[in-house]
Amino acid sequence: MPKKENSSLKEILAKKDGFMAGGGEMGERTRAYDWSKSSLGPVSSWPQSLRTTISIILNARFPMFLWWGEDLIQFYNDAYRPSLGNKGKHPKALGQRGEECWPEIWPVIKPMIDQVRSGGEATWSEDQLIPIYRNGKMEDVYWTFGYSPVNDESGKVGGVLVICNETTDKVKKVKELELSDHRFQNLVREATVGMVVLSGEEMRVEVVNDTYSRLINRTSEEIMGKPLFSIIPETEDPFRPMLEKVLLTGEPLNLYDYPYFVYTDGDKREGYLNVVYQPYKEPDGRITGVMALCHDVTEQVRDRKKIEQSEQQIRSFVESASFPIGVYTGREMRIQFANQAILDVWGKGNDVIGKLYAEVLPELSNQEIFEQLDRVFTTGIPFHAKNQRVDLEVDGKLVHYYFNYSFTPLYDSEGKVYGVMNTAADITDLAIARKNIEESELFARSVIENSPVAQVVFIGEEMKLSMVNEKMLKILGRDKSILGKPFLEAIPEFRNTQLMNRLKLVFNTGETYYQPEERLEIIRYGQPYTGYYNYTYQALTNTSGEIYSVICTGLEVTEQVEARKKIEQAEAQTRSSAERLQLALDAGRLGSYELMLESGVIHCTPLCKQNFGLSEDDPFNYEKLISLILPADRDSMQRAVEKAITENSTYNAEYRVKWPESSIHWIKASGKVIYDELNKPIKIIGVTLDISEHKNFTEALELKNDQLMRINNDLDNFIYTASHDLKSPISNIEGLLQALMRNLSPEALESNLVQRISGMMQESVERFKRTIANLTDVVRLQKENSSDAVMVNLSQVIEEIILDLDTMIQDSGAWVELDIKDCRVIRFSEKNLRSVVYNLLSNAIKYCSPERTPQILIQCKRIDEYDLLSVQDNGLGMENKRMNQLFTMFKRFHVHVEGTGIGLYMVKKMVENAGGKIEVESQLGVGTRFLIYFPH
């Protein structure tokens with residue numbers, strides 16, 4: 001077998017280009033090197049011993065280095081290659097002369113090489129410091145190596161073989177341990193760590209410092225001189241074997257973050273230690289004990305564990321985060337990571353890793369997201385979007401989502417962007433809710449601004465004015481510049497009042513505060529003003545029940561207070577004044593009363609009792625009053641009383657009472673609620689009046705109106721019947737006229753007299769027919785109401801009418817301008833709206849001035865409860881004294897223009913029948929403007 005191996009080796013070495021049997025980088029470089037330029041000459045001239053040695057080196061896995069010949073030409077294998085560093089002597093060192101390669105250490109290694117080459121003994125060094133140049137600088141490198149001779153064919157030393165191992169890391173670790181030990185000794189001396197010296201197999205405590213004593217919660221006196229594990233037996237299991245090993249071997253032991261526990265007074269104290277066990281040697285070198293240095297690192301370990309746990313939680317959080325997270329790499333944006341939240345948003349399944357972002361989400365191609373991603377990748381500038389709408393395809397349909405999302409560049413170790421991280425928050429529900437809130441706030445603002453009472457909304461601790469309506473501005477005598485200002489800055493004269501304190505009380509407690517008739521001095525429109533006000537502070541809460549603002553509702557009652565004061569002054573006047581007042585009441589047939597609200601007792605004058613059919617001596621109270629009122633009227637009367645009490649308003653009621661003798665009388669009662677100093681209602685003071693005669697007269701008048709309505713209906717029916725019955729004879733007359741004209745001789749038809757009379761007769765027939773048609777339209781309008789009112793597109797109606805009147809507009813050269821954007825639709829009968837606009841626009845063209853081009857402006861604005869449509873022209877106009885006849889039936893002011901005089905009458909009737917009104921403004925020779933008010 002050995003011969004076969006040697007033979008095989010020789011065959012390999014015999015190959016000119018393949019004598020190097022070694023593989024790897026060094027094998028390749030050795031074969032490729034141009035050796036003819038070296039002192040060795042061509043490979044073919046190399047001695048067999050050199051070839052054999054190089055082959056062994058290249059195939060060895062242990063670091064080897066060879067110097068050969070007088071020039072000490074260098075060879076080395078792959079195992080030695082790392083010791084030369086990344087930026088050092090490799091590959092130049094291969095085939096280089098030793099002295100040229102190692103000038104920095106040549107004085108150190110050359111003597112050893114010479115010793116071996118001169119026939120001396122092989123050398124051996126352990127952990128020898130030999131600095132070399134590598135990695136672009138001189139480095140301290142430690143070696144364990146041996147130098148051995150390699151003989152050539154003549155038996156002489158042809159080269160020096162170095163079998164070596166770099167021990168730099170080991171030496172550094174030893175030095176670090178030595179340094180650590182040195183530092184540890186300093187710490188011991190300074191007593192900043194626990195120190196204890198244990199002797200013998202009993203581990204008896206010979207030295208101990210206070211730090212160590214505190215560590216096990218004992219005193220130094222308790223420990224000193226005693227076996228350690230008799231003091232803390234619970235620690236014997238883990239620590240005694242380690243101490244005995246140090247005692248036996250003399251080798252130090254380092255423990256890091258090692259857990260321990262001790263029992264003190266029945267409590268278990270746990271923690272972590274960094275421990276150094278050092279053999280304790282006597283001067284003669286005998287190991288008699290162990291010195292332990294302990295550093296409590298419990299807090300650090302726990303903190304680190306917390307950090308590790310936090311990092312794990314972060315990783316877990318990213319994986320299971322409820323908000324979407326994705327990572328895309330390369331400019332093509334290939335998906336490398338996508339947590340479940342972003343997969344759920346995409347709705348594309350879980351098989352997306354490794355696919356292109358554009359391939360998974362093609363529906364985003366028109367939504368700028370691809371451009372944003374590319375911009376972040378190419379520029380390295382993060383991109384953030386808020387409340388961004390994104391359309392994603394779900395079940396074949398595009399669904400609107402809203403996101404806050406970010407694209408953040410990811411950098412590699414060289415500082416280049418290699419990808420983009422995408423984080424997002426789905427705020428679709430929030431965006432919709434925000435929109436609803438905005439609409440709700442808009443609605444609330446509209447309600448407040450259009451409120452029939454004065455209102456203002458305060459927000460925050462400073463009570464800033466958030467909303468205030470016109471009625472409140474009028475009360476305060478300010479304009480809208482006070483909006484957004486703190487309360488006392490907007491109205492500084494209230495600084496010395498309790499208004500602000502009451503506002504804050506309501507804001508903090510949520511309890512409503514009501515203040516009646518408070519006297520306040522304010523600066524209204526720049527002038528001092530004193531008034532009396534009822535106002536309420538009420539807290540407003542959000543959906544979570546949290547108070548976010550206070551709304552104040554106010555009412556100025558200066559006139560009422562002053563009036564009441566006058567009444568109170570009048571009540572304090574002399575009896576003669578009271579008698580005069582009673583005379584006035586009697587003259588007006590007014591009975592006065594006082595209704596005591598708690599007891600129900602009624603104090604009243606004789607005339608008041610007389611109004612209810614009672615004598616002066618009859619007892620009278622609220623229960624008796626209710627019994628006299630007819631059952632059908634009792635509820636309305638009681639509601640009026642309750643309303644006056646709860647709203648502090650005037651009590652007014654009309655009801656029927658049945659007198660004891662069974663006659664029915666109408667009573668009108670009014671009064672004022674009186675409150676005590678605690679704002680509690682105590683009584684109602686008022687008057688009563690028998691209005692039976694007035695009611696009887698009203699009923700008679702209504703009966704008369706009904707009769708007139710029936711007469712009007714009869715007249716309408718007569719006009720309709722007459723117009724219908726007249727159609728037949730008019731048609732007969734028209735037919736007879738046509739027959740007569742057909743039977744006249746040609747000579748008679750050519751007669752001027754016959755032509756004039758026949759023309760006049762035909763014109764009379766046409767006027768008669770138009771009159772009958774107009775009468776029919778009038779009757780229809782009399783019966784018409786607004787039941788067929790719908791929402792009509794005003795713009796469309798006007799456009800259609802302009803097309804119908806196109807010939808008139810073209811012939812007259814009229815310009816028609818529209819401004820109707822404020823009310824594109826109007827609630828009205830569509831056919832009647834066409835008739836109204838057609839009449840007004842055609843009249844504006846027909847009655848144009850021959851002196852100027854007709855210009856017609858049609859506008860529509862929303863004002864209060866009306867849509868106001870105006871049609872204005874620059875035509876003939878009319879005198880003011882004739883405008884009251886404008887809407888009269890068959891009335892015409894310009895006879896040179898064809899017409900019947902019924903159009904404007906019909907326009908007026910159509911508008912008024914629908915609850916609207918029509919007005920006109922005109923100036924002779926300037927033009928006319930019609931104003932039509934359509935109710936909402």
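The largest nonpolar core of this predicted model has 37 residues, and L794, L833 and F930 touch the most other members. A nonpolar core is here a set of buried Ala, Val, Leu, Ile, Met, Phe, Trp, Tyr and Cys residues joined through side-chain atoms within 4.5 Å. Buried stands for under 20% relative accessible area, exposed for over 50%, and partly exposed for values in between (1.4 Å probe, protein chains only). Two or more residues of this core come from each of α27 (794-804), β30 (825-828), α29 (830-846), β31 (855-863), β32, α30, β33 and β34. Helices (H or I, at least four residues) and strands (E, at least two) are DSSP runs, numbered from the N terminus. The largest share, seven residues, is given by α29. Apart from neighbours within four places in sequence, L833 is in contact with V792, L794, V797, F828 and F934, where contact means heavy atoms within 4.5 Å. A second, separate core has 29 residues, including F458, A490, L503 and F507.

An open sheet is formed by five strands in the order β29-β31-β32-β34-β33, with mixed pairing. Strands of a sheet pair through backbone hydrogen bonds, either parallel or antiparallel. Two strands are taken to pair if DSSP finds at least two bridges between them. The edge strands, β29 (815-819) and β33 (917-923), each pair on one side only. From one strand to the next, the twist averages 15°. Within the sheet, β32 (residues 866-873) pairs with β34 (residues 927-935) in the antiparallel sense over seven bridges, and Q872 stands opposite R929 in β34. Helix α30 (residues 903-913) packs on the sheet and touches β33 and β34, its direction making about 140° with that of β33. Axes are lines fitted to C-alpha atoms, for helices over the stretch in contact, and angles run from 0 to 180 degrees between N-to-C directions.

Helix α10 (residues 236-249) has 14 residues, which should span 20 Å at 1.5 Å a residue; its end C-alpha atoms are 19 Å apart, in agreement. The expected span is 1.5 Å times one less than the number of residues. In α10, the buried residues are F239, R240, M242, L243, V246 and L247. These residues pack against β8 (194-199), α9 (228-231), β10 (253-264), β11 (267-281) and β12 (287-296). After α10 comes G250, with a positive phi near 75°.

Some loops have backbone angles to note. H90 and P91 are joined by a cis peptide bond with omega about 5°; P91 lies in the loop between β2 (73-76) and α4 (98-101). M333, although not a glycine, has a positive phi of about 60°. This residue lies in the loop between β13 (325-329) and β14 (334-338) and is buried, with a relative accessible area of 6%. M463, also not a glycine, has a positive phi of about 55°. The loop between β18 (454-459) and β19 (464-468) holds M463, which is buried at a relative accessible area of 0%.

The protein chain as a whole contains 30 helices and 34 strands. Of its 936 residues, 38% count as buried. Among contacts with a separation of 6 or more, 50% are between residues 24 or more positions apart. The accessible surface comes to about 54200 Å², of which 52% belongs to carbon and sulfur atoms; areas come from the Shrake-Rupley method with a 1.4 Å probe, and for residues only the protein chains shown count as cover.

Residues are numbered from 1 along each chain as its sequence is written, and side-chain values use heavy atoms, with hydrogens and water left out. In this predicted model, local features need pLDDT of at least 70 and side-chain atom pairs count only at pLDDT 80 or more, while totals for chains, interfaces and linings use all residues.
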